[in-house]
Amino acid sequence: MSRSFDVVVIGAGPAGYIAAIRAAQHGKTVACIDRWQNRDGKYAFGGTCLNAGCIPSKALLESSELYHRAGHEFKKHGIKTGGVEMDVAAMQKRRASIVRQLTGGIAGLFKAAGVEGLVGHGKLLKDRKVEFTPVDGEPEIISAENVILASGSEPIELPVAKFDGEKIIDSWDTLELDAVPGTLGVVGAGVIGLELGSVWSRLGSKVTILEALEDFLFMADRDVAKAAAADFKKQGLDIKLGAMVNKATANKKGVTVEYEDKNGAQMLEVDKLVVAVGRRPVTDNLFADDAGIQLDDRGFIDVDDDCRTRVKGVFAIGDCVRGPMLAHKGSEEGVMVADLIAGEIAEMNYDVIPSVVYTNPEIAWTGKTEAEVKESGRPYKTGQFPFMASGRAKAMEQTSGFVKIISSADDDEVLGVHIVGPMAGELISEAVLALEFSASTEDLQRTIHAHPSLAEAVHEAALAVDKKALNFPNR
Ligand code: FAD
Ligand code: NAD
């Protein structure tokens with residue numbers, strides 16, 4: 001007799017594994033299928049995020065930042081280091097160990113919650129049957145009351161710069177480099193290009209980033225993008241905007257990149273070239289032709305606001321559906337879907353998803369940019385507070401950047417918060433909460449913030465919206 005579960009999840013990335021645990025918390029019988037295999041040959045839960053994305057990149061960002069600060073900043077604090085060296089192998093060992101701990105942790109969480117973790121390939125058939133092919137066995141048909149597709153995404157390959165895993169590489173290869181390239185080219189000044197470009201630049205690589213668009217960080221508030229661009233330039237990141245890559249050729253020495261910008265045809269020689277021009281949903285062999293699943297015109301699984309596909313009892317969440325490709329977006333969709341399956345009322349607030357770029361300075365925002373508010377026609381007011389005027393930022397020697405708040409001029413509602421500066425990725429949570437609760441600027445102004453803290457910059461920016469900042473002249 002075939003096994004049956006209340007819920008079968010295909011994919012154990014941050015969307016799928018969270019959905020599986022939440023469904024089990026509702027008392028459902030749950031299986032979660034995943035086939036992720038790491039470069040050491042071992043299978044692991046956690047998907048892109050834990051194995052080759054969020055976590056390993058943040059591990060390397062931290063190591064490279066500490067190395068950079070030790071070489072450039074410690075002296076100011078009176079710390080004599082007598083020469084700082086980077087042991088790349090040790091840095092990579094630490095990265096791999098963090099990944100191992102966290103992915104192993106999911107197996108533990110599954111066990112504790114009663115989720116059956118199945119290692120292998122999952123494919124949705126019609127009538128909510130799932131074909132599970134274990135990595136070392138024969139296919140088995142599993143029945144499910146509900147199926148959640150959480151198959152994630154993979155890097156987009158440029159036809160003119162095909163990955164070879166050696167010289168023309170994707171983000172995963174870049175996270176696992178065993179030596180600092182003398183020169184590193186990056187195609188795409190998006191989140192991956194900036195984060196991984198920063199890692200290797202801090203470790204000594206000469207990094208050149210080629211971005212097709214003329215606007216830097218087009219999705220961010222313009223003031224924030226401008227300030228960040230100036231900082232990256234100071235750090236030596238060479239970001240070329242309006243640069244269209246026509247051809248990349250790997251050769252004995254490295255890669256020759258031919259591109260075009262407003263001045264005409266250009267050439268760049270680099271040791272390695274990272275292509276980070278976005279990711280696309282993974283749907284290959286995920287469902288049978290007669291399973292009833294539809295893709296939209298960009299290849300994402302077609303779902304409604306509640307992540308329901310057109311097939312009753314089949315949902316899709318995370319990077320394989322519309323919306324920003326962010327781990328926390330996928331996880332929250334997983335919680336929502338599991339709650340809906342359990343018969344609860346649940347919904348996602350897609351308007352207040354935080355975005356964070358983990359560079360130095362960090363960049364983080366939630367809600368609308370000033371351009372979006374202007375475009376909406378709603379009257380608005382803005383306030384800014386620079387970290388230069390923050391005692392805590394000064395003590396940390398991290399004074400670059402500011403907090404900017406955009407509020408409606410009619411009812412004082414906070415519409416968008418944009419931060420470029422130290423720990424922006426942590427500070428943004430207060431703003432997310434404010435927007436989630438439709439807070440007014442006055443709510444933020446009257447909220448007591450600890451002194452001295454970076455969060456005071458959020459408080460002061462809220463005060464500045466009404467020209468009431470106390471620790472910086474109002475304009
Ligand atoms: P995934 O994490 O891709 O997981 C999908 C899983 O499904 C995979 O394990 C895959 O093997 C498995 N799978 C697919 N099809 C099948 C099948 N048919 N059968 C069995 N298994 C299958 N986001 C952030 O929010 N913050 C960050 O700091 C961040 N940093 C990133 C850094 C990098 C370098 C990259 C590449 C991405 C980063 N992201 C970050 C994005 C984040 O990793 C993704 O948004 C997130 O992993 C999406 O989660 P998911 O569960 O939808 O898919
Ligand atoms: P992205 O969409 O963030 O950036 C891709 C960039 O490449 C864009 O600026 C685009 O204009 C540019 N581009 C596209 N085609 C090009 C071409 N032919 N030549 C030059 N430039 C070109 O994509 P990404 O950086 O690859 O990241 C993929 C996804 O992973 C993103 O959706 C992101 O949300 C997620 N991610 C998130 C984090 C984080 O939250 N901190 C970190 C890394 C990745």
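Q: How many residues of helix 14 (residues 456-465) are buried?
A: Ten of the ten, so helix 14 is largely enclosed by the rest of the structure. Buried means under 20% relative accessible area, exposed over 50% and partly exposed in between, with a 1.4 Å probe and protein chains only. Helices (H or I, at least four residues) and strands (E, at least two) are DSSP runs, numbered from the N terminus.

Q: Before we go on, what kind of model is this?
A: This is a predicted model, where local features need pLDDT of at least 70, side-chain atom pairs count only at pLDDT 80 or more, and totals for chains, interfaces and linings use all residues. Residues are numbered from 1 along each chain as its sequence is written, chains are lettered from A and ligands numbered from 1 in the order in which they are written, and side-chain values use heavy atoms, with hydrogens and water left out.

Q: OK, back to helix 14. What covers its buried residues?
A: The cover includes strand 19 (380-386), strand 20 (402-408), strand 21 (414-421), helix 12 (424-436) and helix 13 (441-445). Among the buried residues of helix 14 are Glu456, His459 and Glu460.

Q: And what follows helix 14?
A: Lysine 467, with a positive phi near 55 degrees.

Q: New topic: helix 1 (residues 14-25) and helix 9 (residues 327-341). At what angle do their axes cross?
A: Roughly 30 degrees, and the axes come within 7 Å. Axes are lines fitted to C-alpha atoms, for helices over the stretch in contact, and angles run from 0 to 180 degrees between N-to-C directions. Helix 1 and helix 9 are therefore roughly parallel (under 35 degrees; over 145 is roughly antiparallel, 65 to 115 roughly perpendicular and the rest oblique).

Q: Which residues make the contact?
A: From helix 1, Pro14, Ala15, Ile18, Ala19, Arg22 and Ala23; from helix 9, Ala327, Gly330, Ser331, Gly334, Val335, Ala338 and Asp339. Contact means heavy atoms within 4.5 Å.

Q: Where do tryptophan 36 and tryptophan 172 lie?
A: Tryptophan 36 is in the loop between strand 2 (30-34) and helix 2 (47-52), and tryptophan 172 in helix 6 (residues 171-175), so the pair ties together parts 136 residues apart in sequence. Both tryptophans are buried.

Q: Last one: what does valine 147 touch?
A: Leaving aside neighbours within four places in sequence, valine 147 contacts Val8, Leu124, Arg128, Val130, Gly313, Val314 and Phe315. Valine 147 sits in strand 5 (residues 140-149) and counts as buried at 0% relative accessibility.
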